[in-house]
Amino acid sequence: MPLFEIETDAHIIITWSEDEVSAQTVVDDAYPEDEVLRITKRPRDSWVISKGALGLTDRTLDPCTIARDCLSKSAGDKVNAIRLYRMETGCDVDQARRAIESNMVMGW
């Protein structure tokens, strides 16, 4: 059974589900007031990360979509994600490393 990352406006949920519809049902049952922003398959154990605990409830503080895309393309390989991020943005190694690592901490 695949794992899904479900990002809502208040949580990031990682859970086993048969498919995306089942993953949506998990959110509907556990957090009916949350709006689903994104559902992605991922190979990790299940856990929930509160965006409030990470300070992400303010709409102006959004995880970097470029960094998250690079992490997705590299299947979580940090070194490869840093290389992809540098190619996408043209920034130096240290800036790319900080962007990738901070997005890994935010629940990628």
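Student: How do helices H3 and H5 lie relative to each other in this predicted model?
Tutor: The axes of H3 and helix H5 (residues 93-105) are 9 Å apart, at an angle of about 80 degrees (lines fitted to C-alpha atoms, for helices over the stretch in contact; angles run from 0 to 180 degrees between N-to-C directions). Under 35 degrees counts as roughly parallel, over 145 as roughly antiparallel, 65 to 115 as roughly perpendicular and the rest as oblique. That angle therefore makes H3 and H5 roughly perpendicular.

Student: Which residues of H5 make the contact with H3?
Tutor: Contact means heavy atoms within 4.5 Å. On the H3 side, Ala67, Arg68, Cys70 and Leu71 take part. Their partners in H5 are Ala99, Ile100, Asn103 and Met104.

Student: And how is H3 set against H4?
Tutor: Helix H3 (residues 65-73) packs with helix H4 (residues 78-89), their axes 8 Å apart and at about 135 degrees. Ile66, Ala67, Cys70, Leu71 and Lys73 of H3 meet Ala81, Leu84, Tyr85, Glu88 and Thr89 of H4. Given the angle, H3 and H4 are therefore oblique.

Student: What is the angle between H4 and H5?
Tutor: Lys78, Ala81, Ile82, Tyr85 and Arg86 of H4 are in the contact, and H5 brings residues including Val93, Ala96 and Arg97. The axes of H4 and H5 are 9 Å apart, and the angle is about 125 degrees.

Student: Glu5 forms a salt bridge with Arg68; how many residues apart in sequence are the parts that the pair ties together?
Tutor: A salt bridge puts a side-chain nitrogen of Lys or Arg within 4 Å of a carboxyl oxygen of Asp or Glu, and the whole structure has 9. For Glu5 and Arg68, the closest N and O atoms are 3.0 Å apart. Glu5 lies in strand E1 (residues 3-8) and Arg68 in H3, so the pair ties together parts whose separation in sequence is 63 residues.

Student: Which element has the lowest mean pLDDT?
Tutor: The chain's mean pLDDT (the predictor's confidence in each residue, from 0 to 100) is 82, and 78% of its residues reach 70 or more. Helix H1 (residues 20-30) has the highest element mean, 93. The lowest, 61, belongs to strand E4 (residues 47-50).

Student: What are the ground rules for these values?
Tutor: Residues are numbered from 1 along each chain as its sequence is written, and side-chain values use heavy atoms, leaving out hydrogens and water. Totals for chains, interfaces and linings use all residues, but local features need pLDDT of at least 70, and side-chain atom pairs count only at pLDDT 80 or more.

Notes
Helix = DSSP H or I, 4+ residues; strand = E, 2+ residues; numbered from the N terminus.
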